[in-house]
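Please walk through this structure with me, beginning at the ligand and moving on to a sheet.

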Amino acid sequence: MSGILCAIKLKEAGHKHITVFEKADRIGGTWRDNRYPGLTCDVPAHAYTYEFAPNPEWSAYLVGGAEIQAYFEKVVDDHGIRPLIRFNSEIEKMAWNGDHWDIETKDGFKDQAHVAIMATGVLHHPKFPDIKGLENFAGKAMHTAQWDVDFPLEGKRIGIIGNGSTGIQMVTHLGKKGQDIVHFQRSPQWMMPYPNFEYSEEDKAKFRASLEAIDAIRYDENYWSAIRRFTTGITDIDGPEMREIEDICRNFLETAVVDETLRRKLTPTYRAACKRLIYSYDYYGVAQQPNVETIVCGIREIVADGVIDNDGTLHKVDVLALATGFQSDRFVRPISVKGVGGRDIEDAWAERCAAYMAISIPDFPNFFLFNGPSSPVGNFSLIDVAEKQWGYIEQLLNRVASSNASGIVASKAAFDDYEERRITKAKASIFGSGCTSWYLDKTGVPITWPWDYDAFADAMAQPDFDAFDMV
Ligand code: NAP
């Protein structure tokens, strides 16, 4: 998503030498890799859309992954950037060489670039659970990000491990279809009710005829006030916004789950929004269906024909879906990146992954990250985030172009000051309020943008050039 955005923007700005390195044979990132049943984007489709490429054809308020993938394919072709993409080309090494980056791909292709923009995503490397006996399972086990869409599920009993956004979407989708499901939840999740609805042909005709009709959804007051409530709430954890979020989630649980035993099972022991809030309208209903069994006592072991829980009960299943998330500390890894004086990014990131404003790392000039460490992970459109980050990166590039310098990089002093402020705020945010989640780095500090949405928009609107060194 961000690589496509960047290539289009660079092309539009008149740059002639652009290469997009793509390790796969298709574009799409998250939406190419994730094809599990029920995959949906929980951000309204008209908001999860590039500002320059509105899409009147979205079929619903929230759409599925395949539709989003098709959107990106169309945008790539509409903007003529496919010829700029070098497919099957995984970068292995990058080294700063005074005024440019030397780049080498896994298949030995070598290139040079004055600027490296890293659009490598956040949640990209699947995390497999460390559960005893997983290798002994005789049925089909698949991580949700490596789903075999050709594998027939009809008539099969499916064990789903994990109840993040992915596990919940999968249980909801397959449960509604009547599939036999055992859902293993290690920690219950708070749910934010979020109904979906389809657009009629009449709606779409309205969108085709008028950009204002699309913007009315993209910039809808309710949607934006929910975003602001959320981003204010996560930073002011005892304020009225967070109380409102907690009340909504608690009321939803109490009114939607009638069975007391199940309600107890589904009640989290940590505060709402500590883990990534789940947006779902239908999950609680599905969890109460007879074809869905919810196990919360934990997994003891996986055996050939199923899963033994911590109470010693064997749950026989034919398929195991590992909805166990991603390694969230990868960013540009496993690329070997060597900056000024051969400094290794592994050295810069030895304690934790970090970047000034989530974009620039001292000693790594002209090396800019989309969705880098401390990028916003508020539950809103990452396209909006990437567009704002592009606005910032573009200004850095323009500064270099209008100077005699070869590059630009965040100063060590600015980086240290940013990190100190960020870490203090992040620890005090709701994400640091006492739960496990992919938001936490290995030292337990949330890797999130710890200020509110407006602070992010303001920070991205205009770089503080005093925070940068020209090289
Ligand atoms: P996740 O939120 O990291 O959830 C992983 C789940 O697996 C958790 O329930 C975790 O339990 C469980 N788990 C991990 N290791 C386990 C083990 N060894 N034994 C038992 N359970 C284990 O991953 P995700 O659901 O794939 O979602 C990741 C992120 O992707 C989301 O937070 C969201 O940002 C994004 N996403 C977005 C959408 C969307 O619609 N926009 C859809 C899907 C995903 P614990 O909680 O106990 O650790």
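A polar contact is taken here as a pair of N or O atoms within 3.5 Å; within protein, one must be able to donate a hydrogen and the other to accept it, and residues adjacent in sequence count only if both atoms are side-chain atoms. An oxygen atom of the ligand is found 3.2 Å from a polar backbone atom of S165, while an N or O atom in the side chain of S187 stands 2.4 Å from a ligand oxygen. With the protein in place, 86% of the 900 Å² that the ligand exposes when taken alone is buried (accessible areas by the Shrake-Rupley method with a 1.4 Å probe).

The model is predicted, with local features needing pLDDT of at least 70 and side-chain atom pairs counting only at pLDDT 80 or more, whereas totals for chains, interfaces and linings use all residues. Residues are numbered from 1 along each chain as its sequence is written, and side-chain values use heavy atoms, leaving out hydrogens and water.

Domain 1 (2–122 + 328–470) and domain 2 (134–322) both contribute residues to the shell around the ligand, so the ligand lies between them; the domain bounds come from an automatic or database domain assignment.

Turning to the sheet, five strands form an open arrangement in the order 7-16-8-9-12, with parallel pairing; strands are DSSP runs of E of at least two residues, numbered from the N terminus, and two of them pair if DSSP finds at least two bridges between them. Strand 7 (140–143) and strand 12 (292–295) each have a single partner strand, so one side of each is left without a neighbour in the sheet.

Methods
Helices (H or I, at least four residues) and strands (E, at least two) are DSSP runs, numbered from the N terminus.
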